[in-house]
Structures are given as C-alpha cells and as structure tokens.
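Visitor: I am new to this structure and would like to learn how to read it. Could you take me through it feature by feature?

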Amino acid sequence: MGERDPAFVLGDLAEVEALAEEVMAGRQQIVDLDQKRNQNREALRALSNEIDSSDKVMVCFGNMFVQFPKTKTKDMLQRDQELLDEEIAKLRKELKVKVNHLLEAQGKPELKGYNLKPLSSEEMWFMRKVVDA
C-alpha cells in the first residue's frame with residue numbers, strides 16, 4: 001500500500017481527527033473545572049466578607065439547601081479548591097502530550113518552549129541571590 005492509497009489517507013485523517021477531538025475535550029474539561037474553581041473562590045470570598053455573626057451558612061448540595069457550620073464550609077471549599085488545582089494541573093500536563101501527538105500526526109514540528117516549567121521558590125530565591133550579587 002502506498003502513501004497515495006485512499007484507505008491510507010482516510011485512516012490518517014481519522015487518526016488526526018480523533019487526536020484533535022481529544023485535545024478539544026481536554027481543553028473543555030479545563031475550562032469547566034476552572035469555572036468551578038472560580039465559583040468556589042467567589043464563595044470563599046463571600047464567606048470571609050460576611051458581616052452576619054451567625055455560625056452557620058446555607059449551602060446548596062445538588063438541588064437542596066442545608067445549613068452547615070461556616071468553618072466546615074470554608075474547609076470543604078478550600079479542599080475542593082486544592083483538588084481542582086491538582087486536576088487542572090494534571091489535565092494541562094496531559095494536554096501538552098496530546099497536542100504533541102496531534103502535531104506529530106499532522107507532520108508538524110513540536111511546539112518550542114511548550115514544555116517549560118516555572119522555577120520553584122527555592123530556584124527563584126537562588127536566582128535572586130545570584131543576580132543581586
């Protein structure tokens with residue numbers, strides 16, 4: 001079978017389309033989780049700005065409201081934020097791999113600088129010491 005064979009070309013196009021759909025689905029998951037993270041951030045801000053001195057707040061679980069202690073509500077929201085941050089970071093890492101597979105299937109070069117990682121706080125501290133010296 002040659003490269004000009006219609007079955008080969010269709011198989012190649014199907015592979016590229018499947019990879020592109022995976023990339024788009026991953027991006028949409030990140031957007032959805034980021035929206036939830038922003039809603040949690042708004043809820044945490046509302047709890048911290050609340051003037052009411054009551055110890056309990058109304059929390060929506062699914063389609064019902066439950067009165068819950070304010071401290072437990074803050075703890076739940078903060079834990080949820082941590083889990084969302086971890087999941088978003090994991091999805092972004094996976095997305096980089098999927099994008100590279102898609103580019104490879106399209107015969108395009110890998111993105112330059114796409115796999116860069118930020119400096120850790122220790123590395124930043126060391127860089128500041130070196131620059132200031």
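Guide: Let us begin with T73, which counts as buried at 4% relative accessibility. Buried means under 20% relative accessible area, exposed over 50%, and partly exposed in between (1.4 Å probe, protein chains only). This is a predicted model, where local features need pLDDT of at least 70 and side-chain atom pairs count only at pLDDT 80 or more, while totals for chains, interfaces and linings use all residues. Residues are numbered from 1 along each chain as its sequence is written, and side-chain values use heavy atoms, with hydrogens and water left out.

Visitor: Where does T73 lie, and with which residues is T73 in contact, leaving aside its neighbours within four places in sequence?

Guide: Helices (H or I, at least four residues) and strands (E, at least two) are DSSP runs, numbered from the N terminus. T73 belongs to helix α2. Contact means heavy atoms within 4.5 Å. Apart from neighbours within four places in sequence, T73 touches L47, V57, V59 and F68.

Visitor: How many residues does the largest nonpolar core have?

Guide: A nonpolar core is a set of buried Ala, Val, Leu, Ile, Met, Phe, Trp, Tyr and Cys residues joined through side-chain atoms within 4.5 Å. Here the largest one has 13 residues, and V23, I30, L33, L95, V99 and L102 have the most contacts inside it. Both α1 (6-49) and α2 (70-105) supply at least two residues of this core, with the largest share, eight residues, coming from α2. A second, separate core has five residues, including L44, L47, V57 and L77.

Visitor: Which contacts does V23 make beyond its neighbours within four places in sequence?

Guide: V23 is in contact with L95, K98, V99 and L102.

Visitor: Is D34 buried, partly exposed or exposed?

Guide: D34, in helix α1, is partly exposed because its relative accessible area is 24%.

Visitor: What does α3 look like, and how many of its residues are buried?

Guide: The expected span of a helix is 1.5 Å times one less than its number of residues. With 12 residues, α3 reaches 16 Å from its first C-alpha to its last, close to the 16 Å expected. The number of buried residues among those 12 is zero, so α3 lies largely in the open.

Visitor: Where is L119, and how exposed is L119?

Guide: L119 sits in the loop between α2 and α3 (121-132), and its relative accessible area of 47% makes it partly exposed.
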